[in-house]
Amino acid sequence: MLTTKERSDDDEAVLDIAAQLIAAVTVNESLPLHDRLAIPYPWLKLLSRADQQRFAKEIVEVARGSFSLRQPRKLLLEMQAWRNSAEAIAAGWDTSEPELLDVPVVVERP
């Protein structure tokens, strides 16, 4: 079957995520799932404990839904969104307070 390189790369990434999820769910069940997922995804530990738990729950739910519909793109996007959040935290974006303007800035419609 002919396919695009992008589709082939996406398929490979989905299979990698699926393999990691299966391993995390079935190995060392004495640990919470978010701790088991932090083994293949060490960036997970940069998130708050609550976000780690939410990631574990959401990624499994999205994986099940994506696989049941044979639409893996949603799983890839969800995983990338969580990773992007961890990268932003690592870059220090979560530590600074936003600068509030005293006077709103009015801009023309683009």
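## Fold and overall form

Helices are DSSP runs of at least four residues, numbered from the N terminus. On that basis, the elements of the protein chain in this predicted model run α-α-α-α from the N terminus on. The secondary structure comes to four helices and zero strands. The protein chain is more spread out than a compact globule, because its radius of gyration of 18 Å is well over the 13 Å that the globule rule gives for 110 residues. Along the principal axes, the C-alpha atoms fill a box of roughly 55 × 45 × 20 Å.

Of the 110 residues in the protein chain, 27% are buried. Among contacts with a separation of 6 or more, 42% are between residues 24 or more positions apart.

## Aromatic cluster

The model holds three aromatic pairs. In one of them, the ring centres of Trp43 and Phe55 are 5.6 Å apart with the planes at 75°; since edge-to-face requires over 60 degrees, the pair is edge-to-face. Trp43 sits in the loop between helix H2 (33-37) and helix H3 (49-69), while Phe55, twelve residues away, belongs to helix H3.

Phe55 also forms an edge-to-face pair with Trp82, at 5.6 Å centre to centre and 80° between the planes. Trp82 lies in helix H4 (residues 73-90) and Phe55 in helix H3, so this pair ties together parts that are 27 residues apart in sequence. Phe55 is buried, with a relative accessible area of 0%, and Trp43 is buried at 12%. Trp82 is buried as well. Together with Tyr41, these residues, Trp43, Phe55 and Trp82, form one aromatic cluster.

Note on methods. Residues are numbered from 1 along each chain as its sequence is written. This is a predicted model: local features need pLDDT of at least 70, side-chain atom pairs count only at pLDDT 80 or more; totals for chains, interfaces and linings use all residues. Side-chain values use heavy atoms; hydrogens and water are left out. Helices (H or I, at least four residues) and strands (E, at least two) are DSSP runs, numbered from the N terminus. The radius of gyration is taken over C-alpha atoms; the globule rule is 2.2 Å times the number of residues to the power 0.38. Buried means under 20% relative accessible area, exposed over 50%, partly exposed in between (1.4 Å probe, protein chains only). Contact means heavy atoms within 4.5 Å. Rings of Phe, Tyr and Trp (its six-membered ring) pair if their centres lie within 6.5 Å; planes under 30 degrees apart count as stacked, over 60 as edge-to-face and the rest as tilted.
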